[in-house]
Amino acid sequence: MNTDQKLTTIRSVTLGVSDLDAAAHFYDDAFGLGERLQLEPSDAPTGGFRGFTMSLVVAQPADVVRLFDAAVAAGATVLKPAEKSLWGFGGVVRAPDGTIWQMASEAKKDTGPATHRIEHVVLLIGADDVSASKRFYSDRGLEVAKSIGGYVDFAMAASPIGFGLYKRRALAKTVGVADDGSGSHRIRINVDAEAFVDPDGFAWAQASDASDA
């Protein structure tokens, strides 16, 4: 690895989708993430849990409900309804292309009218060996902000997309699906660093070489 080129920023993620037009309509109608989310056609075989989730972090429950309802209206499947929990308020859907999206707020009460403002977008990878993956990413320049049990959150305050690790089985349970899966992850992570493939088979591409650059 070129040690002068540390991994510090995720510029965007690219999802591989079977129907490009349908996926574009869904994401425009549901979330409106702009340049943070790219799409490309893919017929790579995939089945079951793809080993990752995307999270949309918002300020209050009303914002969760607004995004959740917009996603369902655009064609998403409900995996977990939007409701209060011990840690806050959230819900989970599966987009028509198969990507699992969590919408969450640490707040349990609203402080104003609902908005469509997304405060943070976070990629969470389900790792088979969290400790090994944590070392792998730390060696590439990421700093650990929080590490509790099988969960790791990396410090990426300036990045358009945050990043964390969770035990694969625990992540699948959190979003309400079985943890078995096969084939392609159907995601590419575009960064300001050289390309690599992580221990769980996720492809990271140098943004200047990616199709969204």
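**Exercise 1.** Work out where Arg186 is placed, and decide whether Arg186 is buried or exposed.

*Solution.* Keep in mind that this is a predicted model.
- Step 1: look between strand S12 (181-183) and strand S13 (187-191); Arg186 sits in the loop there.
- Step 2: check the backbone. Arg186 has a positive phi of about 55 degrees, even though it isn't a glycine. Most residues other than glycine have a negative phi.
- Step 3: take the relative accessible area of Arg186, which is 9%. Buried means under 20%, so Arg186 is buried.

**Exercise 2.** Find the loop that holds Gln60, then say which backbone atom lies 2.7 Å from a polar atom of the Gln60 side chain.

*Solution.* 
- Step 1: go to the loop between strand S4 (52-57) and helix H2 (61-74); that's where Gln60 is.
- Step 2: Gln60 has 5% relative accessibility, so Gln60 counts as buried.
- Step 3: skip the neighbours within four places in sequence and list who touches Gln60: among them are Ser105, Lys109, Asp110, Thr111 and Pro113.
- Step 4: zoom in on Thr111. Its backbone nitrogen is the atom 2.7 Å from a polar atom of the Gln60 side chain.

**Exercise 3.** Describe how strands S9 and S10 pair, and name the bridge partner of Val144 in S10.

*Solution.* 
- Step 1: start at Val144 and cross over to S10, where you land on Phe154 as its bridge partner.

Note on methods. Residues are numbered from 1 along each chain as its sequence is written. This is a predicted model: local features need pLDDT of at least 70, side-chain atom pairs count only at pLDDT 80 or more; totals for chains, interfaces and linings use all residues. Side-chain values use heavy atoms; hydrogens and water are left out. Helices (H or I, at least four residues) and strands (E, at least two) are DSSP runs, numbered from the N terminus. Buried means under 20% relative accessible area, exposed over 50%, partly exposed in between (1.4 Å probe, protein chains only). A polar contact is a pair of N or O atoms within 3.5 Å; within protein, one must be able to donate a hydrogen and the other to accept it, and residues adjacent in sequence count only if both atoms are side-chain atoms. Contact means heavy atoms within 4.5 Å. Two strands pair if DSSP finds at least two bridges between them.
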